[in-house]
Amino acid sequence: MKTVEIFTDGACSGNPGPGGWGAILRSGGQEKEIYGGEAETTNNRMELTAAIRALEEVPVGTGVELYTDSRYLQQGVTRWLEGWIARGWKRKGGEIQNLDLWKRLAALEEQHDVSFHWLKGHAGHEHNERADDLATLEIRKLREGQEPASAADLLDGALPDARVFLKVSGSPKLGLSLIHI
């Protein structure tokens with residue numbers, strides 16, 4: 001079975017505030033970076049988003065070793081998630097924060113053989129530091145009034161400064177149509 005190593009990080013300037021996420025995927029000598037951000041979010045949402053977006057990149061059934069510096073993410077998956085699901089997505093202490101993201105992560109975890117590992121942040125680990133750089137780059141872009149990375153920015157083979165704009169339209173009878181502008 002093919003294994004993918006994933007290193008994730010999320011960051012926020014203010015909590016809530018502009019936030020970014022980044023992930024490095026490594027397998028078979030190849031490496032891919034993905035990243036994005038949101039104008040108004042929290043650090044925990046960005047940590048979860050980084051893991052979700054990275055797992056979405058991995059083919060179903062793939063073994064994954066996911067490394068994070070977020071105790072919230074790592075403990076959420078390894079300690080709390082099973083109980084939340086067993087109790088119908090409830091926790092003993094009240095409402096589950098970021099429920100939408102936890103549900104997405106749980107669904108993705110079922111599709112893969114994932115092991116979650118915690119590593120100390122800002123401790124010089126090359127891939128953790130790079131994931132942090134990607135996340136903070138997105139925050140900086142948001143603060144400067146730029147759009148965060150979009151799906152178009154992340155297309156394989158896209159030039160770093162290239163932008164692809166799509167107009168999506170549709171109707172119930174005709175379906176969706178994509179028009180490249």
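This is a predicted model: local features need pLDDT of at least 70, side-chain atom pairs count only at pLDDT 80 or more; totals for chains, interfaces and linings use all residues.
The expected span of a helix is 1.5 Å times one less than its number of residues.

The chain has 181 residues, of which 42% count as buried. It holds 4 helices and 7 strands, and from the N terminus on these run β-β-β-α-β-α-α-β-α-β-β. Among contacts with a separation of 6 or more, 61% are between residues 24 or more positions apart. The accessible surface comes to about 10500 Å², and 49% of this belongs to carbon and sulfur atoms.

In soluble globular proteins, nonpolar side chains tend to be buried together. Here the largest nonpolar core has 29 residues, and I6, L55, L66, L73, W102 and L105 are those with the most contacts inside it. At least two residues of this core come from each of strand 1 (3-12), strand 2 (17-27), helix 1 (43-56), strand 4 (63-68), helix 2 (71-86), helix 3 (99-111) and strand 5 (113-118). Helix 1 gives the largest share, 7 residues. Beyond its neighbours within four places in sequence, L55 is in contact with I6, V64, L66, L105, L108, H112 and V114. A second, separate core has 5 residues, including F7, I24, L119 and A131.

Now to helix 2. Its 16 residues, at 1.5 Å a residue, should span 22 Å, and the C-alpha atoms at its ends are 22 Å apart, so the two values agree. Helix 2 also has a kink of about 60°, centred on W80. Its buried residues include Y72, L73, V77, L81 and W84. The buried residues of helix 2 pack against strand 1, helix 1, strand 4, helix 3 and strand 5. After helix 2 comes G88, with a positive phi near 70°.

The structure also holds 8 salt bridges. One of them joins the side chains of E31 and R26, at 3.1 Å from N to O. E31 counts as partly exposed because its relative accessibility is 46%, and R26, at 29%, is partly exposed too. Another salt bridge pairs E57 with K32, whose closest N and O atoms are 2.6 Å apart. E57 lies in the loop between helix 1 and strand 4, while K32 is in strand 3 (residues 30-41), so this pair ties together parts that are 25 residues apart in sequence. E56 and R104 form a further salt bridge, with 2.9 Å between the closest N and O atoms. This pair links helix 1, where E56 sits, to helix 3, which holds R104, 48 residues apart. Finally, salt bridges with shared partners join E5, R26 and E31 into one network.

How values were computed. Residues are numbered from 1 along each chain as its sequence is written. Side-chain values use heavy atoms; hydrogens and water are left out. Buried means under 20% relative accessible area, exposed over 50%, partly exposed in between (1.4 Å probe, protein chains only). Contact means heavy atoms within 4.5 Å. Accessible areas come from the Shrake-Rupley method with a 1.4 Å probe; for residues, only the protein chains shown count as cover. A nonpolar core is a set of buried Ala, Val, Leu, Ile, Met, Phe, Trp, Tyr and Cys residues joined through side-chain atoms within 4.5 Å. The bend at a residue is the angle between axes fitted to the seven residues ending there and the seven starting there. A salt bridge is a side-chain nitrogen of Lys or Arg within 4 Å of a carboxyl oxygen of Asp or Glu.
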